Amino acid sequence: AAFVKNGQLDLNRLDHVSMVSTRFLDNVIDLFDYPVREVQEMSRNTRRLGLGVMGYADMLYQMGVRYDSDQGFETGELVMKTIQESSHKTSVGLAATKGEFPLWPDSTWALKNIKRRNTMVTTVAPTGSISMFFDTSSGIEPNFALAFTKQDKDGHTYKYLNKYLEGALRERGIYSEELMQKIILEGSIQKIEGIPQDIKDTFRVAMDIAPQDHIQAQAVFQRHVENSISKTINFPNEATVKDIEDGYILAWRLGCKGGTLYRDGS
């Protein structure tokens, strides 16, 4: 979400930040002391990294791109391809100056004769807490709701409205407290009258999106992610055992390394 300028994705900055982040994460391996010796040894022998993303759904909101559309899938693949290629290139460069990871001779990278500092460099983690801290969407997930009421440990309640939706509603001159209350009750804007269709198409939430499109979104990222991906595939309450089975098979066919399927209300 921080890489959008005037509705366009800043790929040059994304490439640069991916390079810096890869170097940073590689340094962490040498500086960090794991409590379990075997874990520390494996970490330093493989030098596996987990460079990932958060704020993807909020990025699409700013670009006016629908999550579950061809343009949405193409944008997701472009984002992750840029990060993966930058991180891979950086790891190759680090191997030239600092040496490849110790288990490189036994790896598939050795078979390809590609010397890398790290066995794997990219993943997509849940980012639940840190995305809340930075007020952005988590991982590559669509937002679960556009407006809701939060309650803290002392019982105080806070109304939350997605800032990009609020900006779009104010720009069209249709923002109101009454409309905000309707959005809090619904979570989604798809059934609320008076909101233009193009805003409805852009600001979709998890349960607005078909399970197959959730899986497709994960699959386009997986093409350029070396580790696995944290992503919830949301199914409606009426989903059957066969629907869930078909979902897992589709995820496998599309090349996902894992899958988390959730039926609403289960």
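**View 1. Lysine side chains over tryptophan rings in the predicted model.** In this predicted model, K112 is positioned over the face of W109, 4.8 Å from the ring centre.

**View 2. Helix 1 and its buried face.** Helix 1 comprises residues 11-31, that is, 21 residues. From its first C-alpha to its last it reaches 30 Å, close to the 30 Å expected at 1.5 Å a residue. Buried positions in helix 1 are L14, S18, T22, D26 and I29. Viewed down the axis of helix 1, the buried residues fall within an arc of 105 degrees, and they therefore line one face of the helix. An α-helix has 3.6 residues a turn, so residues three or four places apart point the same way. On the other side of helix 1, the residues N12, F24 and L31 are exposed. The packing partners of the buried residues of helix 1 are helix 2 (37-46) and helix 4.

**View 3. Helix 4 and the glycine that follows.** Helix 4 covers residues 70-98 and contains 29 residues. At 1.5 Å a residue, helix 4 should span 42 Å; its end C-alpha atoms lie 41 Å apart, which agrees. After helix 4 comes G99, whose phi is positive, near 100 degrees.

**View 4. The F32 and Y34 aromatic pair.** The structure holds six aromatic pairs. One of them, formed by F32 and Y34, is edge-to-face, with 4.9 Å centre to centre and 75 degrees between the planes. F32 is partly exposed, at a relative accessible area of 41%. Y34 is likewise partly exposed, with a relative accessible area of 33%.

**View 5. The Y61 and F203 aromatic pair.** Y61 and F203 form a tilted aromatic pair, with 4.5 Å centre to centre and 40 degrees between the planes. Y61 belongs to helix 3 (residues 56-63), whereas F203 is in the loop between helix 9 (197-202) and helix 10 (211-222), so the pair ties together parts that are 142 residues apart in sequence. Y61 counts as buried, at 6% relative accessibility. F203 also counts as buried, at 4% relative accessibility; the threshold for this class is under 20% relative accessible area.

**View 6. An aromatic cluster.** Y56, Y67 and F221 together form one aromatic cluster.

How values were computed: Residues numbered from 1 in each chain as written. Predicted model: local features only at pLDDT ≥ 70, side-chain atom pairs only at ≥ 80, totals over all residues. Heavy atoms only, no water. Helix = DSSP H or I, 4+ residues; strand = E, 2+ residues; numbered from the N terminus. Expected span 1.5 Å × (residues − 1). Buried < 20%, exposed > 50% of the residue type's maximum accessible area, 1.4 Å probe, protein only. Arc of directions from axis to C-beta. Contact = heavy atoms within 4.5 Å. Phe/Tyr/Trp six-rings, centres within 6.5 Å; stacked < 30°, edge-to-face > 60°. Lys NZ or Arg CZ within 6 Å of the ring centre and 35° of its normal.
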